[in-house]
Each structure stands twice: as structure tokens, then as C-alpha cells.
Amino acid sequence: MNICVFCASSLRIDDKYIELAGQVGTELAKRGHTLVSGGATVSCMGAVTSAARAAGGRTIGVIPQVLVDIEIADEESDELIVTAGMRERKGLMDARSDAFLVLPGGIGTLEELFEIWTARTLGIHDRPLVVLDPWGLYEPLKQLVSNMYDEGFTRAAVFDAISWTTTVEEALARLEARLRPVRPSVAELGESTG
């Protein structure tokens, strides 16, 4: 499988997050998967790709020109795709991926998560979406979405469209499992999804 990993590029985070990204890259490669990433060499993005390659895995990096210009492109990627901007980058990462794994990250990671999550909730795709969150960074997000559901702003499919995990092994098992597609009914489409 081509597994897309969304993760942090921040240089200010605790080393435990970078170590987690490295563990993910190693495990993806051991299981024979190709890594699709944001194509940068910094922080978790760099750790996941370098670990995947060190374990014999194939890597595909997708990076916008603006980040190439500041010299953080992963030139060692087996395939490095340079895009004109962030929207094209996300579209290509989506198109090249069979599944999505979200690690702890910032607002860019959240943007990527929400785009894939919304599309899966609407039945636009049925590829697995898994969040790996060993230290509970996303607990407030889970509570927010639960509150949105309670207030009628989203429907139950929002919970079916995503898996929350706390270990690398559990996350990979969920990515590799055949998940039940989320198919909204006509009545549900009349309900709010955003």
C-alpha cells in the first residue's frame, strides 16, 4: 500500500514526537508499504522518511516550490514531486495514497486531517484514515467533534470515518484492515456535515 503520513514540521516539539515518526517509518517499510509524505527533511516529516528508507522502504515526497526554495526538500526521496502550491500538493498526496495516517502535528496537519476526514464522511472515498495519538494531543479535538455531533452540526458517520489509536502496531493494523465504507443516505446528506 501507499500510506500517506501527515505529521509535524515544527522544530520546537519534544523529541518523543520525532521518535514516534521514526518508529512509524521503520514499521511501514518492514511491512512493505510505500510512504507518501510532504517531501520535507525537517522534524517529524524528515524522521518518518529517513527511517522508512533506512529500513528499505520506498518514499514518495510531494512538496511545494516555496519549501524547495528554502532548502528543506527531501532530495533523497525515491520520487520527489514539486508542486506550484499547497493545494496541488495535498491533491497529489491524496491521489497517490491508499490510506492515511495522522501523527501529532500543528494546524497544517489538522487541515490535512479535516480534508480527508470530511471526504470519507461524505463517502467520497473509503480509504482508511487513522490517527496515532499516544499522548492525547487530539483529545480536545475528539471532544469538540463530539460536541458538534451533540449540537446537530454533524452526523454519526463522522465517528465511523476515522480510527483513533495510541500505538504504532494498532495504527498499522487499522490501516491494513478492510474498513466498512461510509455511505451517507439521501436523508443524511440534508443534515449538516460542516
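A residue counts as buried when its relative accessible area is under 20%. Cys-7, with a relative accessible area of 9%, is therefore buried. Keep that cut-off in mind as you look around this predicted model, which holds an open sheet of seven strands and a largest nonpolar core of 30 residues.

**The sheet**
- Reading across the sheet, the strand order is E4-E3-E2-E1-E5-E6-E7, and the pairing is parallel.
- Strand E4 (79-83) and strand E7 (163-165) are the edge strands, each pairing on one side only.
- On average, neighbouring strands of this sheet are turned by 20° against each other, direction ignored.
- Strand E1 (residues 2-6) pairs with strand E2 (residues 34-37) in the parallel sense, over three bridges.
- Asn-2 has Thr-34, in E2, as its bridge partner.

**Helices against the strands**
- Helix H1 (residues 15-30) packs on the sheet, where it touches E1, E2, strand E5 (99-102) and strand E6 (129-132).
- The direction of H1 makes about 175° with that of E1.
- Helix H8 (residues 168-176) lies across E1, E5, E6 and E7, and runs at about 160° to E7.

**The nonpolar cores**
- In soluble globular proteins, nonpolar side chains tend to be buried together.
- Which members of the largest nonpolar core touch the most other members? They are Ile-3, Val-5, Val-24, Leu-101, Leu-103 and Leu-132.
- E1, H1, helix H2 (43-54), E5, E6 and H8 are the elements that give two or more residues to this core.
- Another core, of 20 residues, lies apart from the largest one; Cys-4, Met-93, Leu-129 and Val-158 are among its members.

**The cysteines**
- How many disulfides are there? The count comes to zero, with a disulfide taken as a pair of cysteine sulfur atoms within 2.5 Å.
- Is Cys-44 buried or exposed? Cys-44 is buried, with a relative accessible area of 1%.

Terms used. Residues are numbered from 1 along each chain as its sequence is written. This is a predicted model: local features need pLDDT of at least 70, side-chain atom pairs count only at pLDDT 80 or more; totals for chains, interfaces and linings use all residues. Side-chain values use heavy atoms; hydrogens and water are left out. Two strands pair if DSSP finds at least two bridges between them. Helices (H or I, at least four residues) and strands (E, at least two) are DSSP runs, numbered from the N terminus. Axes are lines fitted to C-alpha atoms, for helices over the stretch in contact, and angles run from 0 to 180 degrees between N-to-C directions. Contact means heavy atoms within 4.5 Å. Buried means under 20% relative accessible area, exposed over 50%, partly exposed in between (1.4 Å probe, protein chains only). A nonpolar core is a set of buried Ala, Val, Leu, Ile, Met, Phe, Trp, Tyr and Cys residues joined through side-chain atoms within 4.5 Å.
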